[in-house]
Amino acid sequence: MDKHLLFVFLFTDSLSPPVNVTIKAVKANSAMVTWDIPEGDPVIGFAITQQKKDVRMLRFIQEVNTTTRSCALWDLEEETDYIVHVQSISMSGTSPLSEPLRFRTPKEAETQASKSKDEVMMEEVGPATQLRAGELIIIVVVLIMWAGVIALFCRQYDIIKDNEPNNKDKAKTSSECSTPEHPTGGLLRSKV
């Protein structure tokens with residue numbers, strides 16, 4: 001056997017499979033798979049295989065350049081058994097598969113029934129209340145801005161109204177006739 005080939009074989013073989021593979025947050029249509037890696041493994045990513053029990057179809061999820069130790073499994077069917085394996089990926093290849101992990105998704109009705117009524121209410125009302133508070137702040141800011149724009153418009157309108165040509169002629173005529181030096185006429189019409 002070639003020395004180089006033996007080195008590659010030993011190096012690839014030295015990558016250990018992920019350990020402590022667990023399933024969390026199991027719902028009727030989703031779940032979260034988590035794992036750990038043995039210390040010192042040069043891991044750059046992971047590959048997750050998901051299979052329905054007794055069915056040959058596989059879903060293969062591969063994530064590279066990640067330090068994440070979890071993956072969401074989505075689009076699952078309720079009341080179905082699944083088998084999950086996780087593999088580590090390094091620059092030289094992949095590790096062996098982790099031990100198979102079997103889990104079963106519950107019925108949709110079971111996941112809703114398992115929550116208490118208080119949890120359901122908090123989950124449904126909490127984000128909506130925060131959203132409404134944020135919307136209220138935005139509405140108040142917009143109203144204040146509009147009030148400022150309207151006040152500025154009214155001020156500018158008064159300035160424009162005072163400077164209209166009709167108002168200027170009236171202003172000139174009244175100012176020309178009312179100068180104290182020339183009671184009979186303004187400065188411009190006086191005969192000196």
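The structure is a predicted model, in which local features need pLDDT of at least 70, side-chain atom pairs count only at pLDDT 80 or more, and totals for chains, interfaces and linings use all residues. Residues are numbered from 1 along each chain as its sequence is written, and side-chain values use heavy atoms, with hydrogens and water left out.

The protein chain contains four helices and eight strands. Read from the N terminus, the order is α-β-β-β-β-β-β-β-β-α-α-α. The chain has 192 residues, of which 22% count as buried. Buried means under 20% relative accessible area, exposed over 50%, and partly exposed in between, with a 1.4 Å probe and protein chains only.

Strand pairing was examined next. Two strands pair if DSSP finds at least two bridges between them. Strand β1 (residues 19–24) and strand β2 (residues 31–36) run antiparallel and are joined by four bridges. Threonine 22 has threonine 34 in β2 as its bridge partner. The two strands form a hairpin, with six residues between them. On its other pairing, β2 is joined to strand β5 (residues 70–73) by four bridges, again antiparallel. Here valine 33 has cysteine 71 in β5 as its bridge partner.

Asparagine 20 lies in strand β1. Its phi is about 55°. Asparagine 20 is exposed, because its relative accessibility is 53%. Alanine 25 lies in the loop between β1 and β2. Its phi is near 50°. Alanine 25 also counts as exposed, at 54% relative accessible area.

The largest nonpolar core has 17 residues. Such a core is a set of buried Ala, Val, Leu, Ile, Met, Phe, Trp, Tyr and Cys residues joined through side-chain atoms within 4.5 Å. The residues with the most contacts inside it are Val33, Trp35, Ile48, Leu73, Val86 and Phe103. At least two core residues come from each of β2, β3 (45–52), β5, β6 (81–90) and β8 (101–104). In soluble globular proteins, nonpolar side chains tend to be buried together.

Three salt bridges were found. The criterion is a side-chain nitrogen of Lys or Arg within 4 Å of a carboxyl oxygen of Asp or Glu. Glutamate 77 pairs with lysine 52, with the closest N and O atoms 2.6 Å apart. The two residues are 25 apart in the chain: glutamate 77 is in the loop between β5 and β6, lysine 52 in strand β3. Glutamate 77 is partly exposed at 41% relative accessibility. Lysine 52 is partly exposed too, at 24%.

Arginine 59 and aspartate 75 form another salt bridge, with an N to O distance of 4.0 Å. Arginine 59 lies in strand β4 (residues 58–64), and aspartate 75, 16 residues away, in the loop between β5 and β6. Aspartate 75 is exposed at 58% relative accessibility.

Aspartate 81 and arginine 104 meet at 3.3 Å, N to O. This pair links strand β6 to strand β8 across 23 residues. Aspartate 81 is partly exposed at 30% relative accessibility. Arginine 104 is likewise partly exposed, at 46%.

One annotation was taken from a record. UniProt, in an unreviewed entry, places a "transmembrane region" at residues 136–154. UniProt positions follow the numbering used here, feature names are shortened, and annotations may be inferred rather than shown by experiment. In the model, the span is 100% helix and 0% strand. Its end C-alpha atoms lie 27 Å apart.
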